[in-house]
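This report describes a predicted model. The sections below go through its chains and their contacts.

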Number of protein chains: 2
Amino acid sequence: MQQGKLFVLSGPSGVGKGTILARLFVDFHDIEYSVSATTRQARAGEVQGENYYFLSEEEFFQLVENDQLIEWANVHNNYYGTPKEYVDKTLKKGQDIILEIDIQGAKQVRENYPDAVFIFLLPPSLQELEQRLEQRGSEDKRNKKIRLRNAREEMHEKQKYDYVIINDRIEETVDQLRSIIIAESCRIDKEDDN
Amino acid sequence: MQQGKLFVLSGPSGVGKGTILARLFVDFHDIEYSVSATTRQARAGEVQGENYYFLSEEEFFQLVENDQLIEWANVHNNYYGTPKEYVDKTLKKGQDIILEIDIQGAKQVRENYPDAVFIFLLPPSLQELEQRLEQRGSEDKRNKKIRLRNAREEMHEKQKYDYVIINDRIEETVDQLRSIIIAESCRIDKEDDN
């Protein structure tokens, strides 16, 4: 049986990955969602095993030691990771699955799942920034330097992804994400495609 | 300015390419349609320059001689071809454009536009055929041979395309075609992508 495809939705913190996925799943059910493990406290309304697997640090590091996480990272003093078993089982069933992870996590996934489809979600302001930085030289020097460095880092990272979506209008962003998932299901895998 | 992308919708004669495109354009306008030139007579209701450019054989072969057609073929004693100028002008403006052509025509386009996005439209019966041919051996020999050869030719051709859509339910087919066009607009062009 043909394996499912692994999709990775990544991008800068705060860009709106969670919002976009929540909106996607309202009326699109052709892909599974990978629930992350975390050591952070559950917020009001969050459900164990649905929003996250809420674990103690000890439980979390048991997974790390047993190589049961595809990727993991420390974000703002909490640990986050993607349990491997559910992802692999889902792919094996021929079912597509999507991860919502940060840029560092995506790098780890790329090493172990080179055939995954990597989607980079960008804020519209970064695009605007790039255009602005190209068009005018009047910005104060220190500020420009920092912004340029950030822009360069993002641009560099972008080249490792398969798709980029600018999260400008939410409905359009969701439609683009949905389109990528559907289009990939029609895609012929070439031998020279890595 | 970034060039537009050239999309090629191809597939066996009678598979429904025209129907699918007509349906796509009802509520999708992010891509231009390339109007073909033909020497066949206009049918009732067909509009010059909208459905086809209706030309005399002399006019048609003037285009061929002047290298003004991207591809051309003789189908059922009429000539059909894709005028180059409109396609190139559209791509240069950064606008995507889609051609609806037969399998032979697609081969010619591939030689001159290797970066084009090739979409193969298949009838559902061919898929069913493949499955049937695999599963049972009771079919009469001559028939099976022909079908197998056709299936093999189609399968072989499929590998040269980027996407395959099975034209089973029209709404789903149109959604998949639309998704491919949108997804490609988000796609990062890799250096090793040919």
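## Contact between the chains

Two residues are in contact if their C-beta atoms, placed from the backbone, lie within 7 Å. In this predicted model, the contact between the chains takes 16 residues from chain B and 16 residues from chain A. On the side of chain B that touches chain A, the elements giving two or more residues are β9 (163-166) and α7 of chain B. The most is given by α7(B), with seven residues. By class, this side of chain B has nine nonpolar, three polar and four charged residues.

One residue of strand β9 of chain B is B:Val164. Leaving aside neighbours within four places in sequence, B:Val164 is in contact with A:Cys186 and A:Ile188 from chain A, and with B:Phe120, B:Leu122 and B:Lys158 from chain B. B:Val164 and B:Phe120 are 44 residues apart in sequence, yet their C-alpha atoms are 4.7 Å apart in space. Is B:Val164 buried, partly exposed or exposed? B:Val164 counts as partly exposed, because 19 C-beta neighbours lie inside 10 Å, and a buried residue needs 20 or more.

## Symmetry of the two copies

Chain B is superposed on chain A by a rotation of 180° with 0.0 Å of shift along the axis, at an RMSD of 0.0 Å. The two copies are thus related as by a two-fold rotation axis. The same surface serves both copies, since 100% of the contact residues of chain B recur in chain A.

Which residue of chain B comes closest to the rotation axis? That residue is B:Ser179, whose C-alpha lies at 2.1 Å from the axis.

## Make-up of chain A

Chain A has seven helices and nine strands. Of its 194 residues, 30% count as buried. Among the contacts in chain A with a separation of 6 or more, 68% are between residues 24 or more positions apart.

A:Asp168 sits in the loop between β9 (163-166) and α7 of chain A. A:Asp168 is partly exposed, as 13 other C-beta atoms lie within 10 Å.

## Nonpolar core

In soluble globular proteins, nonpolar side chains tend to be buried together. The largest nonpolar core here has 80 residues. Which of them touch the most other members? They are A:Phe7, A:Val8 and A:Ile119 in chain A, and B:Phe7, B:Val8 and B:Ile119 in chain B.

For A:Phe7, the contacts beyond four places in sequence are with A:Ile31, A:Asp96, A:Ile98, A:Ala116, A:Val117, A:Ile119 and A:Ile181.

## Packing of α1 and α7

Two packed helices are described by the angle between their axes and the distance between the axes. In chain A, the axes of helix α1 (residues 17-27) and helix α7 (residues 170-186) come within 9 Å and cross at roughly 70°. That makes α1(A) roughly perpendicular to α7(A). On the α1(A) side the contact is made by A:Thr19, A:Ile20, A:Arg23 and A:Leu24, and on the α7(A) side by A:Ile170, A:Thr173, A:Val174, A:Leu177 and A:Arg178. These residues divide into five nonpolar, two polar and two charged.

In chain B, helix α1 (residues 17-27) and helix α7 (residues 170-186) have axes that come within 9 Å and cross at roughly 70°. The helices α1(B) and α7(B) are therefore roughly perpendicular to each other. From α1(B), B:Thr19, B:Ile20, B:Arg23 and B:Leu24 meet B:Ile170, B:Thr173, B:Val174, B:Leu177 and B:Arg178 of α7(B). By class, the residues of this contact are five nonpolar, two polar and two charged.

Most residues other than glycine have a negative phi, and most peptide bonds are trans. A:Asp67 is not a glycine, but has a positive phi of about 55°. A:Asp67 lies in the loop between α2 (57-65) and β5 (69-75) of chain A. A:Asp67 is exposed, with 8 other C-beta atoms within 10 Å.

In chain B, phi of B:Asp67 is near 60°, again a positive value in a residue other than glycine. B:Asp67 is found in the loop between α2 (57-65) and β5 (69-75) of chain B. With 8 other C-beta atoms within 10 Å, B:Asp67 is exposed.

Note on methods. Residues numbered from 1 in each chain as written. Chains lettered and ligands numbered in written order. Axes fitted to C-alpha atoms, helices over the stretch in contact; angles between N-to-C directions. Helix = DSSP H or I, 4+ residues; strand = E, 2+ residues; numbered from the N terminus. Parallel < 35°, antiparallel > 145°, perpendicular 65-115°, else oblique. Nonpolar A, V, L, I, M, F, W, Y, C, P; charged D, E, K, R; others polar. Core = buried A, V, L, I, M, F, W, Y, C linked by C-beta atoms within 7 Å. Buried ≥ 20, exposed ≤ 12 C-beta atoms within 10 Å, placed from the backbone. Least-squares fit on C-alpha atoms with pLDDT ≥ 70 in both.
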